[in-house]
Amino acid sequence: ISDPGWYQLPGSSHRFHDHKRGGHGIVNLNLAIIVSCDTYFFDLAHKMGIKRIDDILMRFGFGELTGIDIGEELAGLVSSPAWKRKARGLPWYEGDTVNSVIGQGFMQATPLQLAAGVATIANHGQRFTPHLLLATQQPGKQLQLYKNVPLSPIILNNDNTWKVIINAMENVITSRQGTGYKFGRDAAYSVAAKTGTAQVYTIKHRDRNENAEAQEDLPEHLRDNSLFIGFAPIDNPQIAIAIVSENNSNSSTIARTLMDYYLLETHHLPIPSTKENLNAAH
């Protein structure tokens with residue numbers, strides 16, 4: 001599509017703004033994921049419709065409990081026309097669909113659901129029930145590791161679609177345009193990721209010249225939260241994470257620290273490098 005920096009539904013004068021003033025120019029799916037182009041996904045949402053969007057979200061486990069072995073888990077919310085009529089007594093509008101596709105509007109998801117979702121992408125559709133328990137051991141008996149509980153996999157019409165999405169998520173980190181470039185291209189392992197932003201404070205943020213109020217001009221507690229989901233290494237996934245960093249843009253930096261610790265210091269991931277670089281990495 002051609003992204004001018006905003007999107008209008010047919011027959012509407014309202015503009016849904018992209019985060020980049022002036023837009024990203026000609027954008028395909030790969031670039032849309034790399035630069036997090038809202039306009040591309042606004043247009044895609046209108047073409048898909050909320051029923052198809054809700055269907056794939058629910059197949060990934062959003063809107064329901066993951067079944068993890070701890071209490072007080074929340075199910076989140078996959079919003080739908082039926083839910084809105086029941087909960088709000090209002091009809092569903094196309095603008096609701098446009099908001100939902102980028103995780104805004106009525107939709108709610110927990111960090112655990114986000115981590116489970118990106119793990120599903122890493123496994124090309126195979127889902128598992130997340131758990132905290134590592135193992136059990138009776139006195140005088142061998143350690144019994146917890147066995148993962150597989151769930152029904154997500155089957156796509158074209159299995160190559162997983163590779164397309166994962167390749168774009170890798171470019172989020174490796175491309176200079178990537179919103180996750182802050183993670184660092186010098187990582188000793190490959191990473192597939194997606195970043196996000198959650199508004200804390202709704203800003204009436206556009207003037208007639210399309211200028212937006214800068215985050216640094218807001219009080220700290222009103223600044224956006226940043227999100228990062230990802231998995232690594234790409235060819236042999238060992239870890240999937242979801243980070244929500246409040247009132248700052250540090251989620252990518254936090255993700256790098258955690259992944260480095262888990263893969264390099266705790267599990268000593270083999271790195272195809274020189275002896276000197278291996279020592280430096282560890």
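Predicted model: local features only at pLDDT ≥ 70, side-chain atom pairs only at ≥ 80, totals over all residues.
Residues are numbered from 1 along each chain as its sequence is written, and side-chain values use heavy atoms, with hydrogens and water left out.

Let me start with the rings. I take rings of Phe, Tyr and Trp (for Trp, its six-membered ring) as a pair if their centres lie within 6.5 Å, and call planes under 30 degrees apart stacked, over 60 edge-to-face and the rest tilted. By this rule the count comes to seven aromatic pairs. In one of them, the centres of tryptophan 83 and phenylalanine 106 are 5.2 Å apart with their planes at 55 degrees, so this pair is tilted. Helices (H or I, at least four residues) and strands (E, at least two) are DSSP runs, numbered from the N terminus; tryptophan 83 belongs to helix α4 (residues 81-88), whereas phenylalanine 106, 23 residues apart from it, is in the loop between α5 (94-100) and α6 (111-122).

For exposure, buried means under 20% relative accessible area, exposed over 50%, and partly exposed in between, with a 1.4 Å probe and protein chains only. Tryptophan 83 is then partly exposed at 23%, and phenylalanine 106 is buried at 18%.

Phenylalanine 106 also pairs with tryptophan 92, again in a tilted arrangement, at 6.4 Å centre to centre and 50 degrees between the planes. Tryptophan 92 lies in the loop between α4 and α5, and phenylalanine 106 in the loop between α5 and α6, so this pair ties together parts that are 14 residues apart in sequence. Elsewhere, ring pairs link Tyr7, Phe16 and Phe42 into a cluster.

Turning to the strands, which residues of β10 (residues 225-232) are buried? Eight of its eight residues are, with Asn225, Leu227, Ile229 and Phe231 on one side and Ser226, Phe228, Gly230 and Ala232 on the other. In general, side chains of a regular strand alternate between the two faces of the sheet.

Two strands pair if DSSP finds at least two bridges between them. Strand β9 (residues 192-198) runs antiparallel to β10 and is joined to it by seven bridges, with alanine 198 opposite asparagine 225. Strand β11 (residues 239-245) also pairs with β10 in the antiparallel sense, over seven bridges, and there leucine 227 stands opposite valine 244. β10 and β11 form a hairpin, with six residues between them.

Finally, the patch: Leu134, Leu143 and Leu145 make a nonpolar surface patch of about 340 Å². Such patches consist of residues with over 30% relative accessible area and no salt bridge, like charges being joined within 9 Å and nonpolar side chains (Val, Leu, Ile, Met, Phe, Trp, Tyr) within 5 Å; a salt bridge is a side-chain nitrogen of Lys or Arg within 4 Å of a carboxyl oxygen of Asp or Glu, and accessible areas come from the Shrake-Rupley method with a 1.4 Å probe.
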